Every structure is written in structure tokens, then in C-alpha cells.
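Here is a guided walk through one protein chain, meant for someone seeing it for the first time. Keep the picture open while you read.

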Amino acid sequence: MLPHQMRAGDFACLLCGSKLNLSISDIAVGIITGTCPMCSQPFTIKLNKKDIELLLEAEETGKQQ
């Protein structure tokens, strides 16, 4: 479950705090893995269907503003 309303670009590395540069097209239900662009440490994000719905809603809200 997402801690608050957030967009795909809001995901950050837990080690160094840098943005992971994810876009909505990089997001899918299940486990997403990759490496941080700044510190090169691996990251894992686990999202369910409700999380995806919330991310899409936040993206749409951001486009309208």
C-alpha cells in the first residue's frame, strides 16, 4: 500500500534518497526491480492493483494542474 498519494516519479532510493526516474509506463502490478541511477544499489517495489489505480489517478490529477 502506498503511504500517500504519489506519482511514479516520486519513488526514491531508500539508501541515498535519489529519485528513481520511473515513469507510469515503468509501473506494473507485481514486483519491479532495478538499480538507483545515483548510487547503483538495487531497488524493489511491490505494487498491487489498488496501488496502480492510485498512481494512475495521481498522474491524471497532476496533468490537470
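**Starting from leucine 22**

Let's begin at leucine 22: once neighbours within four places in sequence are set aside, leucine 22 is in contact with Ala8, Gly9, Phe11, Ile27, Phe43 and Ile45. Contact here means heavy atoms within 4.5 Å. Before going further, note that this is a predicted model, where local features need pLDDT of at least 70 and side-chain atom pairs count only at pLDDT 80 or more, while totals for chains, interfaces and linings use all residues. Residues are numbered from 1 along each chain as its sequence is written, and side-chain values use heavy atoms, leaving out hydrogens and water.

Leucine 22 also turns up in the largest nonpolar core, which has 14 residues; Phe11, Leu20, Leu22, Ile27, Ile45, Leu47 and Leu55 are the ones that touch the most other members. A nonpolar core is a set of buried Ala, Val, Leu, Ile, Met, Phe, Trp, Tyr and Cys residues joined through side-chain atoms within 4.5 Å, and buried means under 20% relative accessible area, with exposed over 50% and partly exposed in between (1.4 Å probe, protein chains only). E2 and H1 are the elements that give two or more residues to this core, and E2 has the largest share, with three residues. In soluble globular proteins, nonpolar side chains tend to be buried together.

So what pattern does the protein chain follow along the sequence? Read that way, it goes β-β-α, with one helix and two strands in the protein chain. Helices (H or I, at least four residues) and strands (E, at least two) are DSSP runs, numbered from the N terminus.

Now hop over to glutamate 59, which sits in helix H1 (residues 49-64). Is glutamate 59 buried or exposed? Glutamate 59 is buried, with a relative accessible area of 13%. Leaving aside neighbours within four places in sequence, glutamate 59 is in contact with Arg7, Ala8, Gly9 and Ile24.

Asparagine 21 isn't a glycine, yet has a positive phi of about 60°; look for asparagine 21 in the segment before strand E1 (30-35). Asparagine 21 is exposed, at 60% relative accessible area. Serine 40, not a glycine either, has a positive phi of about 65°, and lies in the loop between E1 and strand E2 (42-47). Serine 40 counts as exposed, at 52% relative accessibility.
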